[in-house]
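Welcome! Take a moment to look over the model below, and then let us walk through it together.

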Amino acid sequence: SVEKSGALLGNPSNSESNENEPEGLTFYHMDLYDSKGRLEIFPEEPAGRGDGALGETSKEPTGPGEDYRSSDQSAYDLEKEVDELTKLYGLDEDKEIEQELLGGNIATAGIFESKETPAHKEGVAAGSYELGSDGSEEEAADIYCATCKIPIRAFDKLFGDHKDHEVTQLANAVESAKEEIQKNMCKLEEQVTEMENFSSHLEEIFITVEENFGRQEQNFEMHYNEVMQTLTQRYEEKVDGLGEEKKQKLEALYGQLVSCGENLDTCKELMETIQELCKDKEKADFIKAAVPVVDRLGEFFKKDMDLELSTLPDFEDTVIDFSDVQQLIDSINTIAAPSAPVINPQAPNSATGTSVRVCWGLFSDDTVEFYQLYYKQVSDDTPSEEQAAPSPPIIKRKESRSCENAALVCWESGNMNPVDSYTVELSKLTNGENGDIITESIVGIPNCEALIQLEPGQSYIISVRAVNMGGPSERSEPVSIHTTGTYFYLNEDTAHPLLSVLEDGLTIACSEVENLECDLAFRDNGFTRCIAILGSMIPFQGKHYWEVEVDENMEYRVGVAFENTHRHGYLGANSSSWCMRHIVTPARHKYEFLHCGTTPDIRITVPPKRIGILLDYDNWKLSFFNLDIAQHLYTFNSHFQHYVHPCFALEKPGFLRIRNGIAMPTSITLL
């Protein structure tokens, strides 16, 4: 134990408050004494700074007078150094630290040698900071060391390990850290957005890969079948040729074999005759019998004996010409021609006196290397004396279709005068007005139809003009187009004779027929067995929605079908149609979802009276919904290789009403 015989370094005014504390020693860091003269107050401890030790102090005790003189000098030097450091680091206003370091008793402060353990002395030399004897906590950090990147105490900056380090105020360091973190957060948000966009792009690429695979697989299958058919035909031709050649060889060899056998029999007969002749001993009889034999031998030897093969057993090496087959094989890797692009409506202010901006879109996933733009100059609106202007075209309302973002307008020329091209004029209606103001025009249309890109949820008035060298015609009778949903009409040319379309054009009916076996006037493109009808084709990508209103006890079929679906069969019984069927049995209402004649086992407890049908070209889905209770019934997942037609059929007398051109209900969007 060490006896506390000296006053602690501090303010003398705190001596009274320290009377209640347990007795002990307070150690300060060795950097407090940075000169060899000051280290003499530690007579027995070595001290080192910088690159080497300062040497050992004398172990002999000094006198009291020398101790006090050394203490006075140390206090003076220490006070001067503290003032310089506080001014250097901007701590000159921190009077508490100055009072703590330079108290009133600093002149009499001293550290006495004690008989402590080596470990304790090592801790003192290292500048360790111990708690007071009363267990009080260490002083809180109040500045920030930029070199070590940690908060420290001002005391450590003045006399500790951080003396030569760069420091700053703790509040400034906190603000700088917050700004840096905020910048990093912005960067992280940008990276998250980029990753989300890239993830969405990857999902689209996944879908595109599946679509491209399906098309390439179909292309390979088609070319493979064509190549195999050609090879099979070529094989059959060559095998038939070899068979004919084999037949000719065998016939020639057989004839030669028969001739050789006949000659051999003749030789044997003559030999037997000669042997019998030689057995007779009478000369007269021998002469009489020998003369005919000699004549026969002479005639036999006069004949030419053909002892060479009439044909060779080998077949000629036939070289098969596979040039056309090679062309078919090479065509497998050839990309199919893309579908025709669609020219977008001319935007306002897109033309000048010498130029015009033309925009178009490709509504398919075909691979395109480049586009070719063709144009020709047309005359102005001044009629030509040599050629009269054409008559106005006639728009086919029932063949025109539309969806939320496009419309397919069809018309017929009805002109005796030649027509070079057509111009479609659009008038966008705003609150039922501005119907006479042409907002967009599409010029240079060569055919009697145009696929026009429109804005969703709008109403348009569309008219058509015919153009030739004599100038443009008058406007056709306009047609109204609403982009609130998918519009289509029923094609009566495909209807069964027992099915009729009412005046509204969207209600079909089947009435009782007394004699079903009577002769019916079937249409060339109409159904013959299934009492069905097709709607007009939906030639737009994306989602399309329509509804069907039915009676609870009605038996029907609703769905979609390809253009070439079998007219002599039933909807859903083949690979070109998908439909929902309802029939009434004595036990229950039975619902079937038919494709290729098969259906899943699904029980529907609530018979729907209002059926929603959602066609999704992009995701290859056809879904059915019970709108009365917002219930999903079933979804077909099928790759529609072509555009489809809505189809409807009645299996018993009744009515079926179709609602199209309507927006998709929110309940279906949530399902």
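## A first tour of the chain

The accessible surface of the protein chain is about 43500 Å², and carbon and sulfur atoms hold 52% of it. Please keep in mind that this is a predicted model. The protein chain has 671 residues, and 31% of them count as buried. Along the protein chain you will find 8 helices and 29 strands. Among contacts in the protein chain with a separation of 6 or more, 65% are between residues 24 or more positions apart.

Strand 3 (residues 143-145) runs antiparallel to strand 4, and 3 bridges join the two. Here isoleucine 143 stands opposite isoleucine 152 in strand 4.

Strand 21 has antiparallel links to strand 25 and to strand 29. Glutamate 547 has a bridge partner in each of these strands, glycine 612 in strand 25 and arginine 659 in strand 29. The table sets out the antiparallel bridges described so far.

| Strand | Joined to | Bridges |
|---|---|---|
| Strand 3 (residues 143-145) | Strand 4 | 3 bridges |
| Strand 21 | Strand 25 (residues 610-616) | 7 bridges |
| Strand 21 | Strand 29 (residues 654-659) | 3 bridges |

In general, the strands of a sheet pair through backbone hydrogen bonds, in either a parallel or an antiparallel way.

Finally, a look at the cysteines. How many disulfides are there? The count comes to 0. A disulfide would need two cysteine sulfur atoms within 2.5 Å. For cysteine 647, the nearest cysteine sulfur belongs to cysteine 579 and is 6.2 Å away, and cysteine 647 is in no disulfide. Is cysteine 647 buried or exposed? Cysteine 647 counts as buried, because its relative accessibility is 0%. Cysteine 510 is buried too, with a relative accessible area of 10%, which is under the 20% cut-off for a buried residue.

How values were computed
Residues numbered from 1 in each chain as written. Predicted model: local features only at pLDDT ≥ 70, side-chain atom pairs only at ≥ 80, totals over all residues. Heavy atoms only, no water. Pairing = 2+ DSSP bridges. Helix = DSSP H or I, 4+ residues; strand = E, 2+ residues; numbered from the N terminus. Buried < 20%, exposed > 50% of the residue type's maximum accessible area, 1.4 Å probe, protein only. Contact = heavy atoms within 4.5 Å. Areas by Shrake-Rupley, 256 points an atom, 1.4 Å probe, with all protein chains shown as cover.
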